[in-house]
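Subject: Structure handover

Hi,

Here is the structure I promised to pass on.

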Amino acid sequence: IFDMFFYLSRLIGCLWIIAYDLRRLFIWTKAKVTADKETTKDGITRKKFLQMGALGTFGVFASTFFYGMLRGGYNYTIHYVDLKLNNLPKNFEGLKIVQISDQHVGSFLSSDPLEEAYAMVNELKPDLIFFTGDLVNDITEEALPYAETLKKLKAKYGVYSILGNHDYGDYFYQPNAPDYEKNKAHNKELMMKVQNEVLDWKAMSSLTKLLKNALLLLQFLEV
(Lines give C-alpha, C1' and ligand atoms only; values in the text may rest on other atoms or scores of the structure.)
Protein backbone atom coordinates (compact mmCIF):
# COMPACT_ATOMS: atom_id res chain seq x y z
CA ILE A 1 0.00 0.00 0.00
CA PHE A 2 2.94 2.33 0.67
CA ASP A 3 4.25 1.74 -2.85
CA MET A 4 0.83 2.68 -4.21
CA PHE A 5 0.83 6.03 -2.36
CA PHE A 6 4.45 6.61 -3.38
CA TYR A 7 3.64 6.41 -7.08
CA LEU A 8 0.25 8.07 -6.71
CA SER A 9 1.78 11.17 -5.10
CA ARG A 10 4.24 11.50 -7.96
CA LEU A 11 1.52 10.99 -10.55
CA ILE A 12 -0.54 13.79 -9.02
CA GLY A 13 2.52 16.05 -8.96
CA CYS A 14 3.18 15.37 -12.65
CA LEU A 15 -0.42 16.19 -13.52
CA TRP A 16 -0.14 19.60 -11.85
CA ILE A 17 3.11 20.33 -13.71
CA ILE A 18 1.51 19.37 -17.03
CA ALA A 19 -1.55 21.51 -16.25
CA TYR A 20 0.65 24.52 -15.47
CA ASP A 21 2.73 24.13 -18.64
CA LEU A 22 -0.40 23.77 -20.77
CA ARG A 23 -1.71 26.97 -19.21
CA ARG A 24 1.50 28.83 -20.08
CA LEU A 25 1.39 27.41 -23.62
CA PHE A 26 -2.17 28.67 -24.03
CA ILE A 27 -1.18 32.18 -22.84
CA TRP A 28 1.85 32.26 -25.16
CA THR A 29 -0.19 31.05 -28.16
CA LYS A 30 -2.92 33.60 -27.51
CA ALA A 31 -0.35 36.38 -27.34
CA LYS A 32 1.17 35.32 -30.66
CA VAL A 33 -2.17 35.01 -32.44
CA THR A 34 -3.42 38.42 -31.29
CA ALA A 35 -0.02 39.93 -32.04
CA ASP A 36 -0.28 42.04 -28.96
CA LYS A 37 2.76 44.29 -28.73
CA GLU A 38 2.51 44.45 -24.97
CA THR A 39 4.19 41.70 -23.05
CA THR A 40 1.76 39.14 -21.68
CA LYS A 41 2.60 38.53 -18.07
CA ASP A 42 1.74 35.40 -16.18
CA GLY A 43 0.28 36.53 -12.88
CA ILE A 44 1.36 33.40 -11.02
CA THR A 45 4.73 31.67 -10.82
CA ARG A 46 5.19 28.01 -11.51
CA LYS A 47 6.24 27.40 -7.90
CA LYS A 48 3.16 29.19 -6.56
CA PHE A 49 0.87 27.28 -8.92
CA LEU A 50 2.31 23.92 -7.79
CA GLN A 51 2.03 24.94 -4.14
CA MET A 52 -1.64 25.86 -4.55
CA GLY A 53 -2.33 22.66 -6.47
CA ALA A 54 -0.61 20.51 -3.86
CA LEU A 55 -2.51 22.25 -1.06
CA GLY A 56 -5.83 21.72 -2.82
CA THR A 57 -5.07 18.05 -3.49
CA PHE A 58 -4.06 17.52 0.13
CA GLY A 59 -7.29 19.16 1.28
CA VAL A 60 -9.39 16.77 -0.80
CA PHE A 61 -7.55 13.68 0.43
CA ALA A 62 -7.50 14.88 4.05
CA SER A 63 -11.21 15.69 4.15
CA THR A 64 -12.05 12.31 2.60
CA PHE A 65 -9.80 10.49 5.08
CA PHE A 66 -11.21 12.23 8.16
CA TYR A 67 -14.79 11.77 7.01
CA GLY A 68 -14.20 8.05 6.58
CA MET A 69 -12.51 7.83 9.98
CA LEU A 70 -14.99 9.93 11.97
CA ARG A 71 -18.29 9.21 10.26
CA GLY A 72 -18.02 6.92 7.25
CA GLY A 73 -17.02 3.95 9.42
CA TYR A 74 -20.28 4.27 11.37
CA ASN A 75 -22.59 4.87 8.42
CA TYR A 76 -24.21 1.45 8.72
CA THR A 77 -26.32 0.10 5.87
CA ILE A 78 -28.51 -3.00 5.75
CA HIS A 79 -28.47 -4.94 2.49
CA TYR A 80 -31.40 -7.31 1.95
CA VAL A 81 -30.80 -10.40 -0.19
CA ASP A 82 -33.48 -12.98 -1.05
CA LEU A 83 -31.88 -16.37 -1.67
CA LYS A 84 -33.61 -18.92 -3.88
CA LEU A 85 -32.07 -22.37 -3.44
CA ASN A 86 -33.09 -25.51 -5.26
CA ASN A 87 -34.18 -28.44 -3.08
CA LEU A 88 -34.34 -26.24 0.00
CA PRO A 89 -36.34 -28.03 2.72
CA LYS A 90 -39.70 -26.37 3.29
CA ASN A 91 -38.88 -25.99 6.96
CA PHE A 92 -36.14 -23.55 5.97
CA GLU A 93 -38.36 -21.28 3.86
CA GLY A 94 -38.49 -17.76 5.25
CA LEU A 95 -35.43 -18.31 7.43
CA LYS A 96 -33.81 -14.95 8.18
CA ILE A 97 -30.02 -14.88 8.47
CA VAL A 98 -28.04 -11.75 9.32
CA GLN A 99 -24.37 -11.73 8.33
CA ILE A 100 -22.00 -9.16 9.81
CA SER A 101 -18.22 -8.94 10.00
CA ASP A 102 -15.17 -6.71 10.47
CA GLN A 103 -16.25 -4.92 13.63
CA HIS A 104 -12.63 -4.08 14.59
CA VAL A 105 -13.74 -2.94 18.03
CA GLY A 106 -10.23 -1.74 18.88
CA SER A 107 -10.88 1.26 16.64
CA PHE A 108 -13.84 2.53 18.68
CA LEU A 109 -13.50 5.31 21.22
CA SER A 110 -16.79 4.35 22.87
CA SER A 111 -19.44 1.63 22.64
CA ASP A 112 -22.04 3.96 21.08
CA PRO A 113 -21.38 2.95 17.44
CA LEU A 114 -21.65 -0.74 18.41
CA GLU A 115 -24.86 -0.09 20.32
CA GLU A 116 -26.32 1.54 17.22
CA ALA A 117 -25.23 -1.28 14.93
CA TYR A 118 -26.52 -4.05 17.18
CA ALA A 119 -29.83 -2.29 17.71
CA MET A 120 -30.29 -2.27 13.93
CA VAL A 121 -29.47 -5.98 13.75
CA ASN A 122 -31.77 -6.95 16.62
CA GLU A 123 -34.65 -4.98 15.11
CA LEU A 124 -34.52 -7.38 12.16
CA LYS A 125 -35.40 -10.25 14.52
CA PRO A 126 -33.02 -12.70 12.81
CA ASP A 127 -33.31 -16.46 13.13
CA LEU A 128 -29.54 -16.81 12.83
CA ILE A 129 -26.60 -14.43 12.95
CA PHE A 130 -23.31 -15.27 11.24
CA PHE A 131 -20.37 -13.18 12.40
CA THR A 132 -17.70 -13.83 9.80
CA GLY A 133 -14.50 -12.59 11.37
CA ASP A 134 -12.34 -9.67 12.50
CA LEU A 135 -13.87 -8.79 15.83
CA VAL A 136 -10.66 -6.95 16.78
CA ASN A 137 -7.75 -5.19 15.11
CA ASP A 138 -4.84 -7.03 16.71
CA ILE A 139 -5.42 -8.95 19.96
CA THR A 140 -8.35 -10.40 21.87
CA GLU A 141 -8.00 -7.99 24.81
CA GLU A 142 -9.43 -5.21 22.60
CA ALA A 143 -12.86 -6.85 22.82
CA LEU A 144 -13.03 -7.08 26.61
CA PRO A 145 -14.13 -3.46 27.31
CA TYR A 146 -17.05 -3.95 24.88
CA ALA A 147 -18.21 -7.34 26.16
CA GLU A 148 -21.47 -6.03 27.61
CA THR A 149 -22.40 -4.46 24.29
CA LEU A 150 -21.28 -7.46 22.23
CA LYS A 151 -23.52 -9.72 24.32
CA LYS A 152 -26.55 -7.76 23.12
CA LEU A 153 -26.33 -9.35 19.67
CA LYS A 154 -29.23 -11.81 19.67
CA ALA A 155 -30.86 -14.27 17.26
CA LYS A 156 -33.59 -16.88 17.70
CA TYR A 157 -31.22 -19.81 17.13
CA GLY A 158 -28.01 -18.14 18.20
CA VAL A 159 -24.96 -16.29 16.94
CA TYR A 160 -22.40 -18.34 15.02
CA SER A 161 -18.94 -16.93 14.41
CA ILE A 162 -15.58 -17.65 12.86
CA LEU A 163 -12.21 -15.97 13.39
CA GLY A 164 -10.82 -13.54 10.86
CA ASN A 165 -7.16 -12.91 10.10
CA HIS A 166 -7.02 -10.03 12.60
CA ASP A 167 -8.43 -12.24 15.35
CA TYR A 168 -5.40 -14.55 15.26
CA GLY A 169 -2.94 -11.80 16.25
CA ASP A 170 -0.98 -12.00 12.98
CA TYR A 171 -0.61 -8.21 12.86
CA PHE A 172 0.55 -7.89 16.46
CA TYR A 173 2.89 -10.81 17.18
CA GLN A 174 6.03 -10.85 15.06
CA PRO A 175 7.37 -14.22 13.77
CA ASN A 176 10.92 -13.46 14.93
CA ALA A 177 9.83 -12.45 18.45
CA PRO A 178 10.32 -14.75 21.47
CA ASP A 179 7.36 -17.01 22.29
CA TYR A 180 5.71 -16.16 18.96
CA GLU A 181 3.80 -19.44 18.65
CA LYS A 182 2.92 -19.44 22.35
CA ASN A 183 1.51 -15.92 22.22
CA LYS A 184 -0.53 -16.63 19.10
CA ALA A 185 -1.93 -19.81 20.62
CA HIS A 186 -2.87 -17.89 23.77
CA ASN A 187 -4.57 -15.17 21.73
CA LYS A 188 -6.63 -17.69 19.76
CA GLU A 189 -7.58 -19.63 22.89
CA LEU A 190 -8.66 -16.42 24.62
CA MET A 191 -10.64 -15.29 21.57
CA MET A 192 -12.54 -18.58 21.40
CA LYS A 193 -13.18 -18.41 25.14
CA VAL A 194 -14.47 -14.84 24.98
CA GLN A 195 -16.82 -15.59 22.09
CA ASN A 196 -18.10 -18.93 23.43
CA GLU A 197 -18.28 -18.25 27.16
CA VAL A 198 -18.50 -14.48 27.62
CA LEU A 199 -20.55 -13.50 24.59
CA ASP A 200 -22.46 -16.79 24.34
CA TRP A 201 -21.70 -17.12 20.63
CA LYS A 202 -20.88 -20.40 18.89
CA ALA A 203 -17.33 -19.75 17.71
CA MET A 204 -15.92 -22.05 15.03
CA SER A 205 -12.45 -22.33 13.55
CA SER A 206 -13.67 -22.31 9.94
CA LEU A 207 -16.62 -21.26 7.80
CA THR A 208 -17.30 -24.90 6.87
CA LYS A 209 -17.75 -25.86 10.53
CA LEU A 210 -19.92 -22.82 11.11
CA LEU A 211 -22.35 -23.74 8.33
CA LYS A 212 -22.37 -27.44 9.24
CA ASN A 213 -23.17 -26.78 12.89
CA ALA A 214 -25.84 -24.21 12.06
CA LEU A 215 -27.56 -26.63 9.67
CA LEU A 216 -27.40 -29.46 12.21
CA LEU A 217 -29.06 -27.23 14.76
CA LEU A 218 -31.83 -26.21 12.37
CA GLN A 219 -32.50 -29.80 11.36
CA PHE A 220 -32.63 -30.82 15.00
CA LEU A 221 -35.07 -28.05 15.79
CA GLU A 222 -37.08 -28.73 12.61
CA VAL A 223 -37.28 -25.06 11.73
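This is a predicted model: local features need pLDDT of at least 70, side-chain atom pairs count only at pLDDT 80 or more; totals for chains, interfaces and linings use all residues.

**The overall layout**

The protein chain has six helices and four strands. Starting at the N terminus, the order of elements is α-α-β-α-β-α-β-α-β-α. The chain has 223 residues, and buried residues make up 31% of them.

**The loop between β1 and α3**

Gln-103 is in the loop between β1 and α3, and it is buried, with a relative accessible area of 12%.

Asp-179 lies in the loop between β3 and α5 (180-198).

**Helix α3**

Does the length of α3 agree with its twelve residues, or disagree? At 1.5 Å a residue, the twelve residues of α3 should span 16 Å, and the end C-alpha atoms are 17 Å apart, so the two agree.

The buried residues in α3 are Pro-113, Leu-114, Ala-117, Tyr-118 and Val-121. They cover an arc of only 120° around the axis, so they sit on the same side of α3. The general point behind this is that an α-helix has 3.6 residues a turn, so residues three or four places apart point the same way. Asp-112 and Glu-123 are exposed, on the other side of α3.

Ala-119 is also in helix α3, and is partly exposed, with a relative accessible area of 36%. The C-alpha atoms of Ala-119 and Leu-153 are 8.1 Å apart, while the residues themselves are 34 apart along the chain.

**The largest pocket**

The largest pocket has a volume of about 1,400 Å³. It is lined by 41 residues, and the closest to its centre are His-79, Ile-97, Val-98, Gln-99 and Ile-100.

Which elements each supply at least two residues of the lining? They are α2 (46-70), β1 (97-100), α3 (112-123), β2 and α6 (207-221). The most comes from α3, which gives five residues to the lining of the largest pocket. By class, that lining has 27 nonpolar, ten polar and four charged residues.

**Aromatic pairs**

How many aromatic pairs are there? The count comes to three. One of them is Phe-130 with Tyr-160, an edge-to-face pair at 6.4 Å centre to centre, with 90° between the planes. Phe-130 lies in strand β2 (residues 128-132) and Tyr-160 in strand β3 (residues 159-162), so this pair ties together parts that are 30 residues apart in sequence. Phe-130 and Tyr-160 are both buried.

Phe-172 and Tyr-173 form another aromatic pair, edge-to-face, with 5.0 Å centre to centre and 90° between the planes. In this pair, Phe-172 is partly exposed, with a relative accessible area of 44%, whereas Tyr-173 is buried, with a relative accessible area of 13%.

That's what I have so far. Over to you!

Best wishes

Conventions: Residues are numbered from 1 along each chain as its sequence is written. Side-chain values use heavy atoms; hydrogens and water are left out. Rings of Phe, Tyr and Trp (its six-membered ring) pair if their centres lie within 6.5 Å; planes under 30 degrees apart count as stacked, over 60 as edge-to-face and the rest as tilted. Buried means under 20% relative accessible area, exposed over 50%, partly exposed in between (1.4 Å probe, protein chains only). On a 1 Å grid over the protein atoms alone, a cavity is a set of points where a 1.4 Å probe fits but cannot get out, and a pocket is an open set with protein on both sides within 12 Å along at least five of seven lines; lining residues have an atom within 4 Å of a point. Grid points are joined across faces, edges and corners, and a volume is the space filled by probe spheres set on the points. Ala, Val, Leu, Ile, Met, Phe, Trp, Tyr, Cys and Pro count as nonpolar, Asp, Glu, Lys and Arg as charged, and the others, Gly among them, as polar. The expected span of a helix is 1.5 Å times one less than its number of residues. The arc is that of the directions from the helix axis to the C-beta atoms.
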